[in-house]
Amino acid sequence: DLVCFLYMLEHLSRVARVIKSPGGNALLVGVGGSGRQSCTRLACYMADVGVFQIEIAKGYDTTAFREDMKKMLTKAGGNGEQTVFLFSDTQIKDEGFVEDINNLLNAGEIPNLFPPDEKVAVCELVRNAAREEGKAPDGTPTQLYAFFVDRCRALVAVVVCFSPIGNNWRTRLRQFPSLVNCCTIDWYTSWPTDALVAVARKFLQTIPDLQDAVRNACVEMCESFHLGAGKLAERFRNELKRIYYTTPTSFLELIQTFKQLLAEKRKTVSDLKSKYEVGLDKLTTTETSVEGMKQDLIALQPQLVEKNKEVGEMMVVVNEESAKTEKVKEVVAADEAVASEAAKSANAIKEECEEALGEAMPALNDALKALDTLSAKEISEIKAMRNPAPPVRIVLQAVCILRSVKPVRVKDESGKMVDDYWPASVKMISEMGFLQALQTFDKDNIPPDIVKKIGTMTVVEDFQPDRVARVSRAAWGLCMWVRAMETYDRVAKVVAPKKESLREAEAEYDAVMGKLNQKRAELQKVVDELDGLNAKLAALKKEQDDLTCQVDLCQKKLERAETLITSLGGEKTRWTQNAKDLTADYTNLTGDVIVASGLIAYLGAFTPEFRERAVQEWAEDSKGKEIPGSEKFSLEKCLGEPVKVRNWVIWGLPNDAFSVENGIVVDKARRWPLCIDPQGQANRWIKKMGQSHHIVVSKFTDGDYLKRLEGCIQFGHSMLIENIGEETDPAVEPVLLRQTFKKGNTVMMKLGEAIIEYQAEFKFFMTTKLRNPHYLPEVAVKVTLLNFMITQVGLQDQLLNIVVEKERPDLAEEKARLVVEGAENKEQLEHTENKILDVLSSSEGNILEDEQAVQILSASKQLSNEIAEKQKVAETTEKQIDEARLAYVPVAHKTAILFFCIADLANIDPMYQYSLPFFINLFKSAIDKSEPSNVIETRIDLLNDFFMEMLYNNICRSLFEKHKLL
């Protein structure tokens, strides 16, 4: 946001040249807000030089100032860092500050700044640097401190910012000549017009939706406002002896205020216009769709009757088919029970077979595994036996018997012929597929005689597996195989009948299941047919439900449409006009807001006559430059909110245009207000207005006001500083300048030494009872000055309320009640209308399909009508009361004139200042003491005469003898 123009560059180059020169110092002379500190900081940034500036806090005194000087000089002279000391006359809390700066400029040091112990520490700090530069050959404290002072003189540049306004400036130059002798003086005069134009053009360039011609005209208007306000301030001073300053900061505030207010008003008007247009669109859509919905309803009724008939007929068919299907289901269920019993019997037999086989199968499997373990070597060992052991012989004999291998007939020792299985055994095991033949042996068809022979052999001692195993492993495997065959055969004989029974049972089960499956197929066919009928019935019912729903929805839509049209139909004309007016208002915003911004930035401190004349001239100038704006400018119409203004009046703001403008400026200004309030009106209004925000009232003279201010900032409460003089406390400068920063997502503010959280709800007000305060530019640029001196219209309204309250308390009480009730009613009406528009704009699609929205709209409109009726009655009653009150206007008018007459006595002598509370108490006393009368005209004459006499006597009592004319 840096704007460079020739005037700024000239001053910037001067300051930059001074701070780059060894021992260079500058005295920048200009009013506050002319850019002195900004130029200095920018020049320091360009030169890569640090800036040191003191921070004024509560209780900041000479001791604290000297501590800051120690830090700065130690940093520069001790650490060798080039530093610029920036000092402003607003920071002078004690004239000793200027004396120390004078010494620093003249000698490069402040006498007696460092006590002996700290002086030693400083000398040690520079010892190495002094040795390197050869400046302290002996290294004595005197030499080292002299080197420190020389470094401070070379590395510290003092930039003093003074204002030429007032006597302090001249006095300080006479008392402290080093401010002139040791400084380069640079005068900051008013900005030239080219600077004003360049700055305005730069900042207004970012405003969207603004034609170039209008933008250029706005730039010219900003320049015209600034120059015109300066001339107005001169006339203000010459005619009323009141002083007001225009500064470049005021010009920047004008531009920022214009940008901010224009963006806010554009958004407000655009959003409201959009709501009206959406509401109108919804109403138009509703009205146009009613006839179509009626035709749809007429067309849907016969279709629904026909569909109901179809559904009834189909339901009869489905019921008949359902009965047939149930009969088939019963038959199938009986057959399923029979099949289930057969399956149960077959399973029982199967389980018995498997249980019996479970005894033989493990042995058989073990035998087959044993065969797998036999090797050719082991078989060869058996073949090689010439005289085998009995267990081997008997095992191979059993194998031969099982395989039906015939024995060899040989003679025994007695010569008798006997069967010898050994030769046959050797031949048998010598066959190539011997082991394979054993594994594939037909165990299910072993002849009974063979089994019998084997049975006799298994009980022989030599045939026992453990005995055979001790003789031959191969024989043991064959033994296990033979025993397994015998066991399997024995079990198979038991299982065989059961297997036969199982085959019979399974055959019977298959037959039953065949019949059952046939009947199931028949049942499935029937069920499928029934499902088809049910699906058709469901489709018909869905069509019936859809038609019913359509008819019901159509009827509901018609009812909602009727409700909506009845409720909001009357608003169509008004909303259409409002949308049209808002379109024109949006166009006129630029001209209205720029004049309003000028009023806020420059005209707050002026009296009503000066302000009104300036606004009128500016508005005409705006029209002359063809900036779109309203025919007659009014700040209340442009930025005022009627409900808020009504509440302000209830809270004590005088009900005249000037005071209402002041209230709007307080509400809309970017800077905190400082109200010139000799009659205390603004003070009372702010206190009443701030009650809901837990307002805290304090003075700068209170010892704990900073602590209370911290609490208000942290908790978002309001704070009022009253009875301030012509200067503000420098400790509140961060609040006035809104110097906030972000820490994470939290907005923080540094107030003195404390860093506190800053709440956006916080509000800050200041008031002064001084009748004609002289606020220097240094103060004026930080606040929004507002002249809250009472006007004749405002005072007349107050006096009218007082006299009616005294004379007709019944009317006064009723009037007060009606004012409060009227404010509440208008607030409720505005809230209700906003609610209606919000519901209409937020409703998606057809509003008639949103029953809740229609109900809300209907209820809201009903409430709005009730409130409007109440408001109409209240306004009628209030009008009647106002007519009765008008009879007392002559008293209020004459009394108000008398107040301004005695107020002007202060122009004769400052001692003649009479407060408004004194005047009002005198007026109340006159009402009570004056002669009563039932004839109102007579009563008014008596009251006017009595009060004038009483006022004359009281004022004469306070006049100096030289001013008494009678």
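Colleague: Over the ring of which residue does the charged end of K119 sit?
Modeller: This is a predicted model. The charged end of K119 is placed 4.3 Å from the centre of a ring, over that ring. The ring belongs to Y145.

Colleague: At what distance from the ring centre does R738 lie over the face of W672?
Modeller: Here the ring is that of W672, and R738 lies over its face. The distance from R738 to the ring centre is 3.7 Å.

Colleague: Is the aromatic pair of F85 and F87 stacked, tilted or edge-to-face?
Modeller: The structure holds 27 aromatic pairs. In the pair of F85 and F87, the centres are 5.9 Å apart and the planes make an angle of 40°. Planes under 30 degrees apart count as stacked and those over 60 as edge-to-face, so the rest are tilted. The pair of F85 and F87 is therefore tilted.

Colleague: Why does F87 count as buried?
Modeller: Buried means under 20% relative accessible area. F87 is buried because its relative accessible area is 1%.

Colleague: How many residues apart are Y244 and F606?
Modeller: Y244 and F606 form an edge-to-face pair, 5.2 Å centre to centre with 65° between the planes. Y244 is in the loop between α10 and α11, and F606 is in the loop between α19 and α20. The pair links distant parts of the chain, 362 residues apart.

Technical notes:
Residues numbered from 1 in each chain as written. Predicted model: local features only at pLDDT ≥ 70, side-chain atom pairs only at ≥ 80, totals over all residues. Heavy atoms only, no water. Phe/Tyr/Trp six-rings, centres within 6.5 Å; stacked < 30°, edge-to-face > 60°. Buried < 20%, exposed > 50% of the residue type's maximum accessible area, 1.4 Å probe, protein only. Helix = DSSP H or I, 4+ residues; strand = E, 2+ residues; numbered from the N terminus. Lys NZ or Arg CZ within 6 Å of the ring centre and 35° of its normal.
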